[in-house]
Amino acid sequence: MMLALLLAAATALIGPSPAGTRVPLASRVPRSVVSPRMNAHASPTETIDMVGGTVRAQTPVTEGMMRPRPNITWANLAKQLEVNFEVRPSDEVSKPDLVDAYRMMVLCRQFENGCNQAYMQGLIRGFMHLDNGQETIPAMMADTLKKGDIKVSYYREHTHALASGVPAEKIMAELMMKVDGTCKGTGGSMHIYDVETNFQGGWALVAEQLPYAVGGARSILLDRQLGKVGKDDDRIAIVFVGEGGAQNGRMAECLNAAAKENLPILFVVIDNGRAINTFTPDVAQNSEVFTQGAHYGVPGIKVDGGNLLDTMRTGRAVVDYVRKSGPALLQIHTYRLTGHSPADPEHERGRKAEKKWARAEADPIKLFEASGLLTQQEMDAVQEQVKKQMNEVMAFAKASPEPPAELAKQLEFPDKADTDYNGRPVAYPDADAVTARLLSPAQREGVDKRLATLRGKAADGSMSIGDAVNLAILEEMLRDPTTVIHAEDLQAGSSYDIPAFTQQTFGKLRAADEIIDEGHFMGKALGEGLNGYRPIVELMNSNFGIYGMAELSSAGNTYATTGGQFQMPMTVIGAGGTAPNQALGAEHSQPFHAYVMGIPGLKICTASSPEAAYGITKSMIRDNGPCILFCPVKMMKEAKGQVPVGTCLPLNKAALLHEASDKAVAAGKAVTVLTYLHGVKEAQMVIEAIQAEGCDIDLLELRSLKPLDMDSIRTSLQRTHKLAILDESTYSGGVGATVSAAVSETLFFELDAPVRRLCMDDAPVPYASSMEKAVVKRGSDLVDGVLSLVFNKA
Ligand SMILES: Cc1ncc(C[n+]2csc(CCOP(=O)(O)OP(=O)(O)O)c2C)c(N)n1
């Protein structure tokens with residue numbers, strides 16, 4: 001049976017339109033074509049006034065007053081598609097397609113019911129979010145998406161994975177903590193990933209997935225630029241977010257990014273009206289999220305998710321639009337038939353009444369079954385098939401073994417801590433030929449000139465830390481065409497010349513100037529990292545990375561949480577540490593390096609010299625996991641030195657910068673000093689003063705904060721038996737606290753005095769030098785610390 005609605009009728013329904021004339025992108029703002037009428041079951045709990053563009057907040061849902069289903073006819077939708085998307089949607093959905101869609105809805109329902117039961121039996125644990133009532137969305141996905149499309153979802157994603165073609169038994173095994181799960185039991189309900197079908201999460205922080213998907217969409221364009229895919233490549237990225245999550249600022253940033261680069265990305269807003277129990281209109285001025293793209297020229301449309309046919313027809317048209325034209329927004333109105341999660345008390349704010357009403361009146365499966373579009377026999381056959389499949393799914397998941405305990409540690413880093421990055425080949429085939437093809441003669445000439453200047457400085461000792469990092473980045477970007485970079489003020493070289501000449505050489509897609517939100521571009525970098533690229537993120541002052549804590553922490557988790565399916569070769573670089581006498585004030589003096597020490601999966605290094613900065617940057621770019629490098633903010637341009645070009649340095653080694661004399665060691669007057677960033681210079685400046693007192697130090701630069709180089713610390717302590725830490729972070733939660741604890745635990749018997757920590761006070765760093773001196777430790781404090789250790793003073 002073919003279903004049809006006449007477009008002519010639609011036009012008659014809503015009157016003449018400007019269709020046919022091409023609407024400029026920026027003015028494709030949704031028109032007043034959504035009816036303000038309520039559906040028959042509903043009291044006026046929500047007023048949609050599309051002409052005025054306002055939405056009145058809902059009153060609390062009670063037995064007789066339900067959030068209404070939107071009353072949007074297909075004719076209305078078709079007209080919106082024509083006007084705002086310039087597409088003429090097809091009215092027709094074939095019978096086999098409807099059967100497939102029904103099968104997907106039934107599979108999703110039975111899968112989620114199976115999850116619920118398994119949860120009650122204790123086979124699934126933690127937070128689990130079921131999708132009952134929203135099944136038209138996976139049905140639309142399965143109908144419109146291809147395997148190569150990049151699908152990024154949030155924590156309520158079982159059904160999205162199913163619709164992407166992820167095997168149901170692997171999802172269920174994951175939920176049951178089994179080794180045959182999608183992620184070998186490392187991810188769980190909120191973290192489903194499948195590299196094979198490009199299903200990329202499963203992210204548990206509300207809205208964090210949005211920039212990841214934007215990065216995924218960028219990687220599609222990068223693939224095309226590289227020539228990795230054919231000219232007919234029409235892949236898109238699709239990202240799902242709740243209507244509550246869509247109020248997060250990430251949404252605006254991502255719409256901007258998608259519009260600015262005309263990315264092939266579809267934002268799907270799953271509008272079930274509630275964020276846990278909160279009515280979204282109670283916290284959001286405008287719940288009509290589909291209009292949010294208007295500011296950026298991204299067209300949007302809202303459809304009733306209770307209507308499978310309209311959801312499919314609209315989904316098809318919008319996906320087609322994204323494949324051919326650019327970003328779009330699709331808001332799908334639904335109801336959640338279960339609680340937010342099994343932990344949700346569900347009695348809040350009329351939830352029970354709403355569920356009862358929605359199950360009776362707005363269950364999309366029941367509504368479809370009542371539509372008469374399939375015969376009872378056809379539907380029964382589908383139900384039987386799915387039931388059988390689900391029996392097999394449950395049996396498979398139950399029979400799968402538990403993952404071995406040691407897997408967790410194995411998945412900490414994709415590359416071992418002691419990896420030697422020298423000589424590591426580029427994974428991308430014919431990298432040199434690709435680079436040669438991608439660069440114009442003028443670009444090649446320009447970058448060669450820049451390289452020659454930098455290498456001259458490296459040879460004559462006039463190279464700054466910023467220049468050294470820039471040289472490493474240019475070399476690695478030339479070497480590997482999958483490297484990309486993101487930074488603010490990038491074209492101008494940012495604050496320290498770190499990304500200098502990258503955009504001029506590699507173009508805007510590979511070297512992206514960014515809006516001022518580090519979380520946004522770290523998120524995009526993460527999305528690129530998931531899709532075969534090696535992103536570099538430059539932070540200027542590393543403290544600005546605070547805005548990217550969520551993304552950095554998810555980057556750290558990715559390799560392990562995906563069960564090793566996705567590596568995350570991201571390199572983050574920023575200037576940090578103390579800057580005595582620089583009057584930077586509290587916010588620019590925060591020890592971000594200490595804040596990130598607790599993030600699992602990150603390799604964290606520091607470099608106080610051009611040589612270290614160069615060698616570590618190169619290794620980090622080649623490493624397959626997320627790494628972050630801190631360079632001393634006060635010395636970015638000031639420290640100058642020679643750099644052995646071409647050498648990668650280890651990411652797990654401290655560097656012995658000064659060795660205490662044998663005489664001082666023999667006399668028991670030698671102290672091991674651990675420091676990093678600006679502390680290195682402070683320590684170097686007072687070595688003579690310490691020697692003048694008959695003492696000496698082993699000065700170890702902690703180039704790797706994580707993993708810590710306990711071997712080098714041990715070797716030194718076996719000589720000195722005394723330890724002072726000149727710490728570039730606070731007393732509480734600082735690097736020194738971690739190092740001190742590790743030494744106390746593993747090297748206690750090497751010590752003949754307690755560890756002396758010389759760290760920043762917990763007080764915010766003041767602006768005035770007179771007070772700053774009291775908070776930030778300097779060389780003079782180190783002299784006192786060393787002498788008191790040697791001469792046993794308190
Ligand atoms: C950053 C963050 N804050 C809070 C939460 C807790 N939380 C989980 S889901 C949720 C509500 C989200 O609602 P919505 O985006 O509408 O999606 P829905 O769950 O309804 O599908 C909240 C507050 C979280 N996971 N992440």
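1. Let's start with the shell around the ligand: its residues divide into six nonpolar, five polar and three charged. In this grouping, Ala, Val, Leu, Ile, Met, Phe, Trp, Tyr, Cys and Pro count as nonpolar, Asp, Glu, Lys and Arg as charged, and the others, Gly among them, as polar. Of the 14 residues around the ligand, those that come nearest are Val206, Gly242, Gly244, Gly245 and Ala275; a residue is near a molecule if its C-beta atom, placed from the backbone, lies within 6 Å of it.

2. A word on what you are looking at. This is a predicted model, in which local features need pLDDT of at least 70 and side-chain atom pairs count only at pLDDT 80 or more, while totals for chains, interfaces and linings use all residues. Residues are numbered from 1 along each chain as its sequence is written.

3. Next, a helix pair. Helix 6 (residues 168-175) packs against helix 13 (residues 376-399) at an angle of about 40 degrees, and their axes are 8 Å apart. Helix 6 is therefore oblique to helix 13. Helices here are DSSP runs (H or I, at least four residues), as are strands (E, at least two), numbered from the N terminus. Axes are lines fitted to C-alpha atoms, for helices over the stretch in contact, and angles run from 0 to 180 degrees between N-to-C directions. Angles under 35 degrees count as roughly parallel, over 145 as roughly antiparallel, 65 to 115 as roughly perpendicular and the rest as oblique.

4. On the helix 6 side of this contact you will find Ala168, Glu169, Met172 and Ala173, and they meet residues of helix 13 including Gln389, Val393 and Phe396. Two residues are in contact if their C-beta atoms, placed from the backbone, lie within 7 Å. By class, this contact has seven nonpolar, one polar and two charged residues.

5. Please look at helix 24 (residues 678-692) and helix 28 (residues 779-790) too: they pack at an angle of about 45 degrees, with axes 8 Å apart. That makes helix 24 oblique to helix 28. Gly779, Leu782, Val783 and Val786 in helix 28 meet residues of helix 24, among them Ala683, Met685 and Ile690.

6. Some backbone details are worth a visit. Gly201 and Gly202 are joined by a cis peptide bond, with omega about -5 degrees, and Gly202 is found in the loop between strand 5 (199-200) and helix 7 (209-226). The peptide bond from Lys706 to Pro707 is cis as well, with omega near -5 degrees; Pro707 is in the loop between strand 23 (704-706) and helix 25 (710-720). Asp497, a residue other than glycine, has a positive phi near 70 degrees, and is found in the loop between strand 13 (483-487) and helix 18 (502-510).
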